Amino acid sequence: MPRRLLQRYLPHPDALRRRRSLRFVSHLIGNPSLWVLTRRSVANAFSVGLFSALLPIPFQMLVAAAGAWLVRCNLPLSIGLVWITNPLTMPLIFYGNYRLGAWLLDMPVRQAPERISTRWIAEQLVEILPTLALGSLVAAVAIAALANLTIRLVWRWQVSRSWKARARRRRRQRPAVREE
């Protein structure tokens, strides 16, 4: 069952509540609805986490935590999924979002110079920000919706599969009835 697999990797709320750095939000972390592993809470956590990850903003983890609290979905999953956009993957993801925004706005894609500098990025950021924001928003909504649907379908398929396996085991264990 997917629940057992997820529980193996998620932290326990009591361990997080005891951390000194998280004491100011310990009353929020202790909310049981943020730790439930159901089809709905996991699917919504994937939506919130991936949506937050694809936005080109600072403090994505705080946005994911606030989203998890608002939607009442699994908090650690939504925060953990934000790390899909880590320092290694962020340039590729945001460049793809920029290209999507340029395609949607029917604008030419700016080419990067051979040597990228902080000055060049600062100069270009003002011009590409609307395109990047639109592409990121569209990609975030699309990926979040697709992830939600996929998680719900996979969860349902897994539960159905385990029910069928349980029924097969029960049929095998049942003694055969002889008719005379």
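## Helix α4 against helix α8

In this predicted model, α4 passes α8 in a right-handed crossing, a crossing being right-handed if the near helix is turned clockwise from the far one by less than a right angle, and left-handed if anticlockwise. Helix α4 covers residues 39-53 and helix α8 residues 118-173, and the two pack at an angle of about 160° with their axes 8 Å apart; axes here are lines fitted to C-alpha atoms, for helices over the stretch in contact, and angles run from 0 to 180 degrees between N-to-C directions. The helices themselves are DSSP runs (H or I, at least four residues), numbered from the N terminus. α4 and α8 are therefore roughly antiparallel to each other, a term for angles over 145 degrees, while 65 to 115 counts as roughly perpendicular.

On the α4 side the contact (heavy atoms within 4.5 Å) includes R39, R40, F46 and F51, which face a set of α8 residues including L137, I151, W155 and R156. By class, the contact of α4 with α8 has 13 nonpolar, three polar and four charged residues, where Ala, Val, Leu, Ile, Met, Phe, Trp, Tyr, Cys and Pro count as nonpolar, Asp, Glu, Lys and Arg as charged, and the others, Gly among them, as polar.

## Helix α4 against helix α5

Helix α5, residues 60-71, packs with α4 at an angle of about 150°, and their axes are 9 Å apart. This pair is therefore roughly antiparallel, and the crossing of α4 and α5 is right-handed.

From α4, the residues R40, N44, V48, S52 and A53 meet Q60, V63, A64, G67, A68 and V71 of α5. This contact of α4 with α5 divides into six nonpolar, four polar and one charged residues.

## Helix α7 against helix α8

The axes of α7 and α8 cross at roughly 100° and come within 7 Å, which makes α7 roughly perpendicular to α8. Residues F94, N97, Y98, L100, G101, A102, L104 and L105 of α7 make the contact with I128, T131, L132, L134, G135, S136, V138 and A139 of α8. That contact has 11 nonpolar, five polar and no charged residues.

## The largest pocket

The largest pocket has a volume of about 660 Å³. Of the 20 residues that line this pocket, P91, F94, Y95, I121 and I128 are the closest to its centre. α8 gives the most to the lining, with seven residues, and the lining as a whole divides into 16 nonpolar, three polar and one charged.

## Basis of the values

Residues are numbered from 1 along each chain as its sequence is written, and side-chain values use heavy atoms, with hydrogens and water left out. Because the model is predicted, local features need pLDDT of at least 70 and side-chain atom pairs count only at pLDDT 80 or more, whereas totals for chains, interfaces and linings use all residues.

Key. Parallel < 35°, antiparallel > 145°, perpendicular 65-115°, else oblique. 1 Å grid on protein atoms, 1.4 Å probe; cavity = no way out; pocket = protein on both sides within 12 Å on 5 of 7 lines; lining within 4 Å. Points joined across faces, edges and corners; volume = space filled by probe spheres on them.
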